[in-house]
Amino acid sequence: MNNLSKELQELVSEALKARDFSYSPYSKFRVGAAIKTKSGKIYQGANIENRSYGLTMCAERVATFRAIMDGAKPGDIVGLAIASDTEGFASPCGACRQVLSEFAIDFPIVLVNKDGVTEEHTLSELLPLPFYAESLLAAK
Ligand code: THU
């Protein structure tokens with residue numbers, strides 16, 4: 001798996017397993033995600049589609065929300081792997097990047113395709129200028 005650390009390799013395997021839970025009858029594009037937090041726990045997510053298409057939830061946000069509901073706090077995310085089912089990667093969408101940035105900005109994100117090829121990034125690289133909470137402070 002392209003020189004990944006043991007920790008990231010484990011996340012990749014968990015994301016591949018999570019992909020099996022994808023509910024994607026409309027796009028047929030299965031995505032699995034796995035997030036590790038400082039506690040050492042891993043949270044899986046898969047995309048969950050809806051017949052009202054706009055209600056679809058991405059794999060990354062399902063994993064993030066599961067971590068938060070289990071007690072994870074801002075700063076606790078230490079890694080994320082995202083598995084696609086195609087030759088191309090499932091690079092996280094803009095909405096997921098912003099949601100992830102609420103909970104940590106500088107952690108590795110590994111993309112893995114259907115053949116197990118991986119590519120490593122960081123959230124700060126994928127989202128160089130997030131919407132910051134400081135921007136809200138100026139609101140009256
Ligand atoms: N999707 C994800 O779950 N994560 C991504 O990073 C990109 C897109 C899902 C949403 C939808 O179910 C399907 O992929 C096609 O857009």
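This note goes through the predicted model point by point, from the overall fold to single residues.

1. Basis. The model is predicted, so local features need pLDDT of at least 70 and side-chain atom pairs count only at pLDDT 80 or more, while totals for chains, interfaces and linings use all residues. Residues are numbered from 1 along each chain as its sequence is written, and side-chain values use heavy atoms, with hydrogens and water left out.

2. Fold. The protein has five helices and five strands. Helices here are DSSP runs of H or I with at least four residues, strands are runs of E with at least two, and both are numbered from the N terminus. Read from the N terminus, the order is α-β-β-α-β-α-β-β-α-α.

3. Size. Along the principal axes, the C-alpha trace spans about 50 × 40 × 25 Å.

4. Of the 140 residues, 41% are buried. Buried means under 20% relative accessible area, exposed over 50%, and partly exposed in between, with a 1.4 Å probe and protein chains only. A contact means heavy atoms within 4.5 Å. Among contacts between residues at least 6 apart in sequence, 61% join residues at least 24 apart.

5. Surface and charge. The protein exposes about 7,800 Å², and carbon and sulfur atoms supply 56% of it. These areas come from the Shrake-Rupley method with a 1.4 Å probe; for residues, only the protein chains shown count as cover. There are 15 positive and 17 negative charges, and their mean positions are 6 Å apart. Lys and Arg count as positive and Asp and Glu as negative, with His and the chain ends not counted. Each charge is placed at NZ of Lys, CZ of Arg, CG of Asp or CD of Glu.

6. Aromatic pair. Rings of Phe, Tyr and Trp (its six-membered ring) pair if their centres lie within 6.5 Å; planes under 30 degrees apart count as stacked, over 60 as edge-to-face and the rest as tilted. The count by this rule is one aromatic pair. Tyrosine 26 and tyrosine 53 form it, tilted, at 5.6 Å centre to centre and 45° between the planes. Tyrosine 26 lies in the loop between helix 1 (6-19) and strand 1 (32-37), and tyrosine 53 in the loop between strand 2 (42-46) and helix 2 (59-69), so the pair ties together parts 27 residues apart in sequence. Tyrosine 26 is partly exposed at 39% relative accessible area. Tyrosine 53 counts as exposed at 59%.

7. Glutamate 14 is in helix 1. Despite its charge type, glutamate 14 counts as buried, at 18% relative accessibility. Beyond its neighbours within four places in sequence, glutamate 14 contacts Ala34, Ile42 and Gln44. Lysine 28 sits in the loop between helix 1 and strand 1. Its phi is near 60°, a positive value in a residue other than glycine. Most residues other than glycine have a negative phi. Lysine 28 is exposed, at 64% relative accessible area.

8. Helix 2. Its buried residues are Ala59, Glu60, Arg61, Val62, Ala63, Thr64 and Ala67. Their cover includes strand 1, strand 2, strand 3 (77-83) and helix 3 (94-101). Threonine 64 is buried, with a relative accessible area of 0%. Not counting residues up to four places away in sequence, threonine 64 touches Ile35, Val99, Leu100 and Phe103. Threonine 64 and glycine 45 are 19 residues apart in sequence, and 7.8 Å apart C-alpha to C-alpha. Glycine 71 follows helix 2 and has a positive phi, near 105°.

9. Glutamate 125 lies in helix 4 (residues 123-126). Glutamate 125 counts as partly exposed, at 46% relative accessibility. Phenylalanine 131 is in the loop between helix 4 and helix 5 (134-137). Phenylalanine 131 counts as exposed, at 52%. Leaving aside neighbours within four places in sequence, phenylalanine 131 contacts Gln98 and Leu136. The C-alpha atoms of phenylalanine 131 and asparagine 50 are 28 Å apart, at a separation of 81 residues along the chain.
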